[in-house]
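Me: I'd like to learn how to read pockets and sheets in a protein model. Could you walk me through one?

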Amino acid sequence: MQPASAKWYDRRDYVFIEFCVEDSKEVKIDFEKTKLTFSCLGGSDSLKHQNEVELYQSIDPNASKQKRTDRSVLCCLRKEEPGRSWPRITKEKAKLNWLSVDFNNWKDWEDDSEEDLSNFDRFSEMMNNMGGDEDVELPEVDGADDSSPDSDDEKMPDLE
């Protein structure tokens with residue numbers, strides 16, 4: 001039995017921890033107020049993984065969720081005190097060799113105001129506003145009229 005490698009990141013209302021185990025089976029996650037326990041069988045050799053994390057602060061176990069994919073298990077831990085930053089996920093300052101910060105998803109949200117939308121939210125909003133509405137005027141682009149010949153409109157030679 002060995003711990004699964006994991007990455008974590010902090011958000012305003014949640015802390016996320018992703019256990020990186022491919023083809024996980026028999027996944028068991030216990031959300032407790034101050035502790036998270038994860039176990040599963042993973043990989044082609046069905047190696048047993050088990051992780052236990054004493055959490056930095058309390059969570060709401062009933063509002064915490066999990067999602068399993070073929071490559072990992074993502075746990076979404078609902079903070080009991082939303083709006084408070086977690087400098088680490090563990091209670092103790094000890095360095096765990098299987099746990100790292102997920103810098104791809106890390107965001108310094110403390111400086112953001114509540115009204116600010118994340119890039120993803122802005123992108124989603126933009127995509128939702130794009131549609132088949134025929135009354136939407138598109139901006140004019142210089143040189144985009146269909147009547148002018150392009151330099152690449154010449155006939156191509158036949159292949160031999």
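**Pockets first, then the sheet**

Reply: Let's start with the second largest pocket, whose volume is about 150 Å³. This is a predicted model, where local features need pLDDT of at least 70, side-chain atom pairs count only at pLDDT 80 or more, and totals for chains, interfaces and linings use all residues. Residues are numbered from 1 along each chain as its sequence is written, and side-chain values use heavy atoms, with hydrogens and water left out.

Me: How many residues line the second largest pocket, and which lie nearest its centre?

Reply: Rolling a probe the size of a water molecule over the atoms shows where empty space is left. Here a pocket is an open set of points on a 1 Å grid over the protein atoms alone, where a 1.4 Å probe fits, with protein on both sides within 12 Å along at least five of seven lines; lining residues have an atom within 4 Å of a point. The volume is the space filled by probe spheres set on the points. In this case 13 residues form the lining, and Trp8, Arg88, Thr90, Ala94 and Leu99 lie nearest the centre. Strand S8 gives the most, three residues.

Me: In what order do the strands of the open sheet run?

Reply: Strands pair through backbone hydrogen bonds, either parallel or antiparallel. A strand is a DSSP run of E, at least two residues, and two strands pair if DSSP finds at least two bridges between them. The five strands go S6-S7-S2-S1-S8, with mixed pairing. S6 (65-68) and S8 (99-101) are at the edges with a single partner strand each, so one side of each has no neighbour in the sheet.

Me: Which strand pairs with S2 over six bridges?

Reply: S7 (residues 73-78) does, running antiparallel to S2 (residues 14-19). Within that pair, Ile17 sits opposite Cys75.

Note on methods
Helices (H or I, at least four residues) and strands (E, at least two) are DSSP runs, numbered from the N terminus.
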